[in-house]
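Let's take a friendly walk through a protein model together. Please have the sequence and the 3D view ready, and turn the view as you read.

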Amino acid sequence: MITFSDELFEIDKSTEYDLSIQLRLDGFSFSVQAPSDGKVVFFRHFPFHLSSTTFLLRKIREITAEEPALQLNYRTVTVSLASPVCTLIPAPFFEAARPGLLLLHDTPATQTEEPLFGMMKNLDACFCFRAPARLVSYLRQTYQGCRIFHELMPQISHSTETEPGRKKLLLNLHPGYFHLFISEGGRVRLLNTFSLSNHDDLLYFLLSAAQVEEVGRERDTLLVSGNLEIDTPLHRMLGHYFPKTGLLHPIGGLSYLPEAVTGKAHLFFNLLNPAE
């Protein structure tokens with residue numbers, strides 16, 4: 001577990017702070033930020049390994065019951081959810097009353113899932129995704145007025161390539177799957193989700209997509225987010241095939257945070273740069 005607490009954080013004045021929560025299959029994290037300067041005054045990360053999003057509700061209930069900072073009222077609350085079922089829809093073709101129908105093609109919906117969506121103005125598109133209905137209901141009841149968004153949304157906004165003739169790849173890693181987003185000149189080239197069981201699967205799908213989208217592996221940039229450790233076999237493999245491989249880092253300076261947090265900023269990006 002990673003913990004950071006600023007000595008100036010006044011927990012009895014929680015209504016003056018903003019709470020940001022991040023839920024993934026490999027961990028639960030949250031941060032408390034001062035709205036005046038956006039500084040993180042409290043941070044905590046609980047690592048675990050779950051096989052499905054259906055188990056997230058039990059885990060967050062256990063953590064909330066044991067964590068006093070999660071039992072308070074805050075000025076605002078944002079929740080970043082990871083979900084393998086997601087897509088981008090051009091804004092002119094999006095119907096807010098029927099977001100679930102847009103996700104039915106490859107993944108039939110169940111009554112236990114709820115469709116969610118959020119507009120991405122920089123792409124003139126709507127990001128649609130599905131999440132466990134009971135988990136969504138619990139979050140809305142516990143943190144009334146909270147905003148729930150897919151964790152890819154702020155990452156895509158931050159990593160979209162705006163220069164014509166150049167492409168940028170965003171590789172978002174999760175246990176058992178990964179998202180790949182490719183952009184060029186401020187436009188979306190690809191957003192897809194791939195299942196994987198090992199690093200060979202990841203490399204095969206990544207290189208195949210790069211070839212189809214005519215990515216210049218010596219020229220274009222690959223940004224990685226998620227649970228990737230530096231100087232590991234996977235990190236070295238990505239750097240071998242994509243020399244311009246980097247980690248997705250937050251926009252603001254975080255020098256006041258401990259290395260345990262800043263060294264894994266690509267994992268906590270949604271906490272340190274919440275969706276606008």
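Is D26 buried or exposed? D26 is buried, with a relative accessible area of 7%; buried means under 20% relative accessible area, exposed over 50%, and partly exposed in between, using a 1.4 Å probe and protein chains only. Before going further, note that this is a predicted model, in which local features need pLDDT of at least 70, side-chain atom pairs count only at pLDDT 80 or more, and totals for chains, interfaces and linings use all residues. Residues are numbered from 1 along each chain as its sequence is written, and side-chain values use heavy atoms, with hydrogens and water left out.

You can find D26 in the loop between β2 (18–24) and β3 (27–33). Helices (H or I, at least four residues) and strands (E, at least two) are DSSP runs, numbered from the N terminus. The side chains of D26 and R24 are joined by a polar contact of 2.8 Å. A polar contact is a pair of N or O atoms within 3.5 Å; within protein, one must be able to donate a hydrogen and the other to accept it, and residues adjacent in sequence count only if both atoms are side-chain atoms. Leaving aside residues up to four places away in sequence, D26 touches H45, P47, F48, H49, P175 and N227, where contact means heavy atoms within 4.5 Å.

Now look at the sheet. Six strands form an open sheet in the order β1-β4-β3-β2-β5-β9, with mixed pairing; two strands pair if DSSP finds at least two bridges between them. At the edges are β1 (2–5) and β9 (147–150), each pairing on one side only. From one strand to the next, the twist averages 15°. Strand β1 runs antiparallel to β4 (residues 40–47), and four bridges join the two. Here S5 stands opposite F42 in β4.

Next come the helices. Helix α1 lies across β2, β3 and β4, running at about 140° to β2. Axes are lines fitted to C-alpha atoms, for helices over the stretch in contact, and angles run from 0 to 180 degrees between N-to-C directions. Helix α1 (residues 56–66) also packs with helix α2 (residues 133–142), at an angle of about 25° and with the axes 9 Å apart. The two helices α1 and α2 are therefore roughly parallel to each other; angles under 35 degrees count as roughly parallel, over 145 as roughly antiparallel, 65 to 115 as roughly perpendicular and the rest as oblique. At their contact, L56, L57, I60, R61 and T64 in α1 meet R134, L135, Y138 and L139 in α2. In α2, the buried residues are A133, L135, V136, Y138 and L139, and the buried residues of α2 pack against β2, α1, β5 (76–81), β7, β8 and β9.

Strands β7 (residues 113–120) and β8 (residues 125–132) pair in the antiparallel sense over eight bridges. Four residues lie between β7 and β8, and D124 in the turn has a positive phi of about 50°.

Finally, visit strand β13 (residues 221–226). Five of the six residues of β13 are buried, so this strand is largely enclosed by the rest of the structure. Six bridges join β13 to the parallel strand β10 (residues 167–174), with K168 opposite T221. Three bridges link β13 to β14 (residues 245–247), also running parallel, and L222 has T245 as its bridge partner in β14.
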